[in-house]
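Hi,

Here is the structure I promised to pass on. Have a look at it first, and then read on for what turned up.

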Amino acid sequence: MSSFKITLNELDTPVKVLFTGYLTTVAIGYLFALIQILFTHGMADGKFGLSIDDIVYSYYGNRSGTVLENKLAGSMKGKATEQETFKIIQWVRDGASQNEYVNGQVDKIIDAKCVMCHNEDAAGIPNFDEFENIKELTTEDEGATFSSLTRVSHIHLFGISFIFMFIGLIFSFSTTASSKYKSIAIGMPYAFLIVDILSWWLTKLHPMFASLIMVAGGGMGLSFAFMWVVSIKEMWFMEKAWFCKAEPTCKQKLKQAVKLLLKAIKFTQMTLLPKSFALLKSSFSWLYKKMK
Ligand code: HEC
């Protein structure tokens with residue numbers, strides 16, 4: 001078979017625009033996925049930011065309490081006042097009877113503070129107009145249900161494999177790495193994806209697998225970033241070398257640049273990140289309030 005090679009650099013501009021448009025959109029999608037993770041799983045332990053605890057709570061559950069209690073301490077924190085929250089929790093601990101639900105006026109709190117979101121029009125979250133739906137949440141928190149895991153698993157497998165199909169295809173026309181390393185980079189996200197989803201199920205069975213979810217998720221993100229950067233670089237910035245040639249002035253500049261970068265990373269870690277997290281958090285809670 002005669003060999004037929006396309007390289008990213010030599011593509012016609014319209015094709016480059018097509019590829020770049022796709023890569024940009026998918027990158028923004030990835031960003032939103034991360035924000036989504038931060039705001040659902042990230043809040044599972046009641047603190048902002050993703051931790052192993054969040055993952056354990058999301059998949060294995062927090063078996064020291066009921067779903068309702070854990071949500072009120074986690075992502076539903078602040079939806080009711082502390083006193084109201086206390087009242088709900090007390091009702092749960094006292095056996096969550098329907099009588100007490102009405103007599104203790106827990107129903108009033110739920111109506112006033114929860115039903116605006118948890119009603120029959122809301123998709124995917126329980127409708128609190130029905131007592132049974134609340135009652136169900138007063139049992140031990142066993143994390144993700146098998147039906148929700150099945151649903152999310154198949155959506156992720158189908159959806160993400162498509163994303164990596166196109167990213168891998170675009171990246172396969174790159175020339176920076178040898179065929180061997182390209183094959184590894186292209187295959188990696190699929191391996192990570194399968195491990196990621198498998199580890200959700202494993203974590204559902206035992207919390208020790210939670211770190212596997214983090215590793216697999218991180219690996220998937222790294223493969224994504226690597227293929228993305230190389231593809232964009234080869235399409236538009238091929239003339240510029242990745243690194244210096246052996247001349248001393250350039251090396252010196254590189255050293256300075258690395259120093260600057262390290263400083264920037266330190267600054268980002270110490271000041272920028274906490275501040276922007278706080279900003280992001282408050283702007284999203286503002287947005288969340290506006291959109292509900
Ligand atoms: C602004 C809208 C909104 C309000 C108000 C709200 N919730 Fe939620 N609730 C959600 C969303 C969205 C989810 C799904 C995401 C999540 O689990 O964090 C959810 C999930 C839950 C869950 C988990 C359901 C499940 O099946 O896992 C519980 C329990 C819950 N809320 C309780 C409450 C209670 C109690 C209140 C009132 C004090 C309340 N929520 C107020 C939007 C809301």
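Which helix supplies the largest share of the shell around the ligand? That is helix α3, residues 67–73, which contributes four residues. Please keep in mind that this is a predicted model. The shell has 18 residues, and those that come nearest to the ligand are Lys71, Ser75, Ala80, Cys114 and Cys117. Sorted by class, the residues around the ligand are 11 nonpolar, three polar and four charged.

On to the packing. The largest nonpolar core has 25 residues, with Val56 and Ile167 touching the most other members. At least two residues of this core come from each of α1 (13–40), α2 (52–59), α8 (146–171), α9 (179–205) and α10 (210–236). The most, eight residues, come from α10. Leaving aside residues up to four places away in sequence, Ile167 touches Val26, Phe224, Met227 and Trp228. There is also a second, separate core of eight residues, with Val67, Leu72, Trp91 and Val92 among them.

Two backbone spots may also interest you. Most residues other than glycine have a negative phi. Ala96, however, has a positive phi of about 55°. Ala96 lies in the loop between α4 (82–93) and α5 (98–103), and it is buried, because 20 other C-beta atoms are within 10 Å. Gln105 has a positive phi too, of about 60°, and belongs to the loop between α5 and α6 (106–113). With 14 C-beta neighbours inside 10 Å, Gln105 counts as partly exposed.

Best wishes

Key:
Residues numbered from 1 in each chain as written. Predicted model: local features only at pLDDT ≥ 70, side-chain atom pairs only at ≥ 80, totals over all residues. Near = placed C-beta within 6 Å. Nonpolar A, V, L, I, M, F, W, Y, C, P; charged D, E, K, R; others polar. Buried ≥ 20, exposed ≤ 12 C-beta atoms within 10 Å, placed from the backbone. Core = buried A, V, L, I, M, F, W, Y, C linked by C-beta atoms within 7 Å. Contact = placed C-beta atoms within 7 Å.
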